[in-house]
Amino acid sequence: MIKDLSGLLAKKYEELTVDEAVGLKSMQRSGDEIVFSEPVSINGRLYRLEDDVIFFSGNLSTTINTACGRCLEPVSEEIAMDFDEVVYAEGREEDYDLIVEPEGETFDLEEFIINILELKLPLKFLCDEDCKGLCPVCGTNLNTSQCNCNDEKIDERFAMLKNLFPDR
């Protein structure tokens with residue numbers, strides 16, 4: 001979805017209101033797939049700060065589905081975040097960190113949304129703050145059952161020291 005900035009740049013109006021629902025299917029992040037279960041709602045305003053710099057302030061919200069970062073169980077989470085970013089800075093790109101590269105006097109709203117989410121989403125989602133994860137030996141989900149694996153690892157260089165205290 002392309003947003004035209006030419007009216008703002010030509011000073012035909014001071015700001016442009018954005019109220020869109022963008023249907024994204026999924027995105028990849030740190031090797032994990034994030035699936036959007038509803039369109040991303042983005043609301044805000046584009047406004048000119050200087051003659052050649054345009055800011056985009058607003059918020060976005062959606063619901064995502066992904067896997068827990070510890071136990072791989074499905075996680076569904078509502079996301080809502082605010083943003084205030086430069087989307088256009090003709091000839092002054094080195095002064096600003098642009099979230100999306102403009103193409104002429106336009107920018108891609110879908111690319112903007114994906115880049116904002118990549119920057120602001122947590123690195124991993126958890127099914128629960130107290131998630132125990134998977135057993136590193138057998139792969140059992142430790143939230144639902146206990147395994148009998150011996151996860152005691154002894155460095156071979158110190159294995160002889162274990163014989164000093166045989167009753168422990």
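The largest cavity in this predicted model holds about 50 Å³ of space. A search of the whole structure finds one cavity of 30 Å³ or more. Here a cavity is a set of points, on a 1 Å grid over the protein atoms alone, where a 1.4 Å probe fits but cannot get out; grid points are joined across faces, edges and corners, and the volume is the space filled by probe spheres set on the points.

The largest cavity is lined by Arg 29, Asp 32, Ile 34, Thr 66, Ala 67, Leu 123, Lys 124 and Phe 125, where lining residues have an atom within 4 Å of a point. At least two of the lining residues come from strand 4 (32–36), and at least two from strand 6 (53–67); strands are DSSP runs of E, at least two residues, numbered from the N terminus. By class, the lining comprises four nonpolar residues, one polar and three charged (Ala, Val, Leu, Ile, Met, Phe, Trp, Tyr, Cys and Pro count as nonpolar, Asp, Glu, Lys and Arg as charged, and the others, Gly among them, as polar).

Most residues other than glycine have a negative phi. Ser 30, however, has a positive phi near 50°; Ser 30 sits in the loop between strand 3 (26–29) and strand 4, and is exposed at 55% relative accessible area (exposed means over 50%, with a 1.4 Å probe and protein chains only). Leu 72 likewise has a positive phi, of about 70°. Leu 72 belongs to the loop between strand 6 and strand 7 (74–89) and is exposed, with a relative accessible area of 57%.

Residues are numbered from 1 along each chain as its sequence is written, and side-chain values use heavy atoms, with hydrogens and water left out. Local features need pLDDT of at least 70 and side-chain atom pairs count only at pLDDT 80 or more, whereas totals for chains, interfaces and linings use all residues.

Notes. 1 Å grid on protein atoms, 1.4 Å probe; cavity = no way out; pocket = protein on both sides within 12 Å on 5 of 7 lines; lining within 4 Å. Helix = DSSP H or I, 4+ residues; strand = E, 2+ residues; numbered from the N terminus. Buried < 20%, exposed > 50% of the residue type's maximum accessible area, 1.4 Å probe, protein only.
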